[in-house]
Amino acid sequence: MAVEATPRINARYLESFTNTTVRILGRVNSLRGENATIDANGSVQLHLNRDAHLTLNNAVEIIGKVQPDLSIKVFQAMDFGSNVDFNAVEAVVDATHRYKEIFYNTD
């Protein structure tokens, strides 16, 4: 069974990963029913599933699929709390795309 790669992205990479399952980590800015907005080096709209329990102003890692409108349909959400070094998060995202052959297929 093949494992699907989930490239680590932020808001500026959304357009490059349309219809692809990705990982994105950001701070929860708003919650409205089944929708939320996170700041992941830019604003990202999320379409939550029933299992997603987000906390306003906490960091959250999302595994989900980038939709044609550049929102993300959430498959899984993990609360990372309020003490996250977002500079380190950005460094990991940058390394993921600088050395993409290690982290994901570009085919």
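Modeller: In this predicted model, the side chains of Asn10 and Glu90 make a polar contact at 2.6 Å.

Colleague: What makes that a polar contact?

Modeller: The distance is 2.6 Å. The cut-off for a pair of N or O atoms is 3.5 Å, so the pair is within it.

Colleague: Why is Asn10 called buried?

Modeller: Its relative accessibility is 1%. Buried means under 20%, so Asn10 qualifies. Asn10 sits in the loop between β1 and β2. Among the residues it touches are Ile24, Ala40 and Val93.

Colleague: How do you know that Glu61 and Arg8 form a salt bridge?

Modeller: Their side chains meet at 2.6 Å, N to O. The limit is 4 Å, so the pair counts. Glu61 is in strand β5 and Arg8 in strand β1, 53 residues apart.

Colleague: What makes Arg23 and Glu61 a salt bridge?

Modeller: The N to O distance is 3.5 Å. Arg23 lies in strand β2 and Glu61 in strand β5, so the pair ties together parts 38 residues apart in sequence. Shared partners join Arg8, Arg23 and Glu61 into one network.

Colleague: Is Glu61 buried or exposed?

Modeller: Buried. Its relative accessible area is 10%, and the cut-off is under 20%.

Colleague: Why is Arg23 called partly exposed?

Modeller: Its relative accessible area is 26%.

Colleague: Why is Ile102 called exposed?

Modeller: Its relative accessible area is 62%. Exposed means over 50%, so Ile102 qualifies. With Tyr99 and Phe103, Ile102 makes a nonpolar surface patch of about 330 Å².

Key:
Residues are numbered from 1 along each chain as its sequence is written. This is a predicted model: local features need pLDDT of at least 70, side-chain atom pairs count only at pLDDT 80 or more; totals for chains, interfaces and linings use all residues. Side-chain values use heavy atoms; hydrogens and water are left out. Patches are made of residues with over 30% relative accessible area and no salt bridge: like charges are joined within 9 Å, nonpolar side chains (Val, Leu, Ile, Met, Phe, Trp, Tyr) within 5 Å. Accessible areas come from the Shrake-Rupley method with a 1.4 Å probe; for residues, only the protein chains shown count as cover. Buried means under 20% relative accessible area, exposed over 50%, partly exposed in between (1.4 Å probe, protein chains only). Helices (H or I, at least four residues) and strands (E, at least two) are DSSP runs, numbered from the N terminus. A polar contact is a pair of N or O atoms within 3.5 Å; within protein, one must be able to donate a hydrogen and the other to accept it, and residues adjacent in sequence count only if both atoms are side-chain atoms. Contact means heavy atoms within 4.5 Å. Lists of a residue's contacts leave out its neighbours within four places in sequence.
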